[in-house]
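Please consult the sequence and the coordinates shown here alongside the text.

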Amino acid sequence: MNIYKETIIDHYQNPRNFGKLKQFQHSVKLNNPFCGDEITLYINIQEKKIKEISFQAKGCAISIASASLLTENVKGKTKEQLRKLNRDFIIKMLGIDLGINRLKCALLPLDALKQILKNYEF
Amino acid sequence: MLNIKDIKKQFPIFQNHPDLVYLDSPASSLKPKQVIDKEIEYYQQYGVNVFRGIYPLSEKSTIEFEETRQIVSKFINANKPEEIVFTRNATESLNLLTYSLGRKIIKKEDEIVTTIMEHHSNFVPWQVLSSETGVIFKVLDINDEGYLEINWNKIITRKTKILTLTYISNVLGTINPVKQIILEVKRINPKIIVIVDAAQAIPHLKIDVQDLGADFLVFSSHKMLGPTGVGVLWGKEKIFKEMSPFMYGGDMISEVYIERTTFKNPPHKFEAGTPAIGQVIALKEAIKFLEKIGLNNILKHEEELTSYCYKLLNQTFGKKIKIFGPKNLQKKCGIVSFSLNHFHPHDIAQILADEGICVRAGHHCAMPLHQRLKVLATVRASFYIYNDVKDVVRLIDGLKKVTKVLG
């Protein structure tokens, strides 16, 4: 099972939307104490859609790549559309076969996004 | 010198996985055929309960069960078999001590002392006991080389009721000079009770509890080639008699009336309910196996592999590799915890796993120690009797692949 395919490594080494947004309304920080992974998501909502999104993170290749790919995928989406994103979406987005232990790493960025949806109205 | 080829033949898992590179023995060791066969023998030939039956099968299982107690007792040079209590694992042995001893003897203004290099199982139970009883919980630090900061005069006082510490760190591999430590702390406070967590030591070191001078010592069967589900608590009969039972139920009572119950003498007082009979019976075969190889030979073999591993790691990765723990290999066992570049330990372990190499990644149930080392997690590769130089080479090749994949 080789999960370190080219796209994953590319997003791990050159994460997209990395850093803190200059302008954002909402942010959330989540961590996974088991492996020490940590992510902070920032979002800028305009007209009830995600206009900009970024993240800062410490973690393994899978969690970083997952965050990078997720931020690319959610721009322009409404709250309703974001609510539909689930585990299967992440697995399909990464395109790799993850074992139960590593799935947690892949899901951390989505968990952070879900936390924003729960905490903030837009 | 150990004949690794011959040893490997005695571990059936290598017949099922011929290319397996198993470097995670501190988590749980592999099991030799001799141990597995003994457990099968119990279930197939006399698999009934102990102590209760008058019929021959129950007598046989009781004799086999109690024989393990004698063999364990001799193995660690206890005074008598009654000093050996069977639990589920070292964790349960330590929890038993917090309940049956700690909660009984600890009074306000007392102190409990432990160290920063403990496994959570010898840290959390005492931390919780301290916070529940309001006593002082002191944690002894390590220095940057991975040795305990031995300033006992500063930390041990007349109020220190309990010192509980590990014999070997499951992350750094450091072998603590437990005998000298006990001598020194008992000089400061003769009434102190010293508990030794020997879970990581028992697979590698010859332990003589009388020579060591401890009051209690605990370990698990599954880390020393034995079955899972069995732990040992060693203690002196006199203190055992003063302690309260841990759990109540079958096998541990003497008489039960509607108003009151009397309990059996130790060790049975602490062994409520049907024990892990087959596993206890098979544990003696693990001890026989270890004694046949010779514990001194085991430690020497680990030292050779660790030395070779340190050399190759430093040669191959230079400044990119950081190895935690003592550099003096005579003061540690075959545990090599490291970080490589900025790579996350889970990524390293995953790529190694794809190459058939089993290592541990994470905080190894020692979060306070990792906080002290200022790292979130480490990779741990460990050597035991079934590992050889080829395993070291495979590890290094695997790590080369890691640097290639993760860049």
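The model is predicted.

**Interface between chains A and B**

- On the side of chain B, 12 residues are in contact with 14 residues of chain A.
- Two or more residues each are given to this side of chain B by helix H13 (345–354) and helix H15 (389–406) of chain B.
- H13(B) gives the most to the side of chain B that touches chain A, namely five residues.
- By residue class, the side of chain B that touches chain A comprises five nonpolar, five polar and two charged residues.

**Cis peptide bond in chain B**

- B:Pro266 and B:Pro267 are joined by a cis peptide bond, with omega at about 5°.
- B:Pro267 is placed in the loop that lies between strand E10 (261–263) and helix H11 (277–293) of chain B.

**Positive phi in residues other than glycine**

- A:Glu47 has a positive phi, near 50°, although the residue is not glycine.
- The loop between strand E2 (37–46) and strand E3 (49–58) of chain A holds A:Glu47.
- A:Glu47 counts as exposed because it has 7 C-beta neighbours inside 10 Å, and a residue with 12 or fewer is classed as exposed.
- In chain B, phi of B:Glu109 is positive as well, near 80°, again in a residue other than glycine.
- B:Glu109 belongs to the loop between helix H5 (90–105) and strand E3 (111–115) of chain B.
- With 9 other C-beta atoms within 10 Å, B:Glu109 is therefore exposed.

Notes. Residues are numbered from 1 along each chain as its sequence is written. Chains are lettered from A and ligands numbered from 1 in the order in which they are written. This is a predicted model: local features need pLDDT of at least 70, side-chain atom pairs count only at pLDDT 80 or more; totals for chains, interfaces and linings use all residues. Helices (H or I, at least four residues) and strands (E, at least two) are DSSP runs, numbered from the N terminus. A residue is buried if 20 or more other C-beta atoms lie within 10 Å of its own, exposed if 12 or fewer, and partly exposed in between; C-beta atoms are placed from the backbone. Two residues are in contact if their C-beta atoms, placed from the backbone, lie within 7 Å. Ala, Val, Leu, Ile, Met, Phe, Trp, Tyr, Cys and Pro count as nonpolar, Asp, Glu, Lys and Arg as charged, and the others, Gly among them, as polar.
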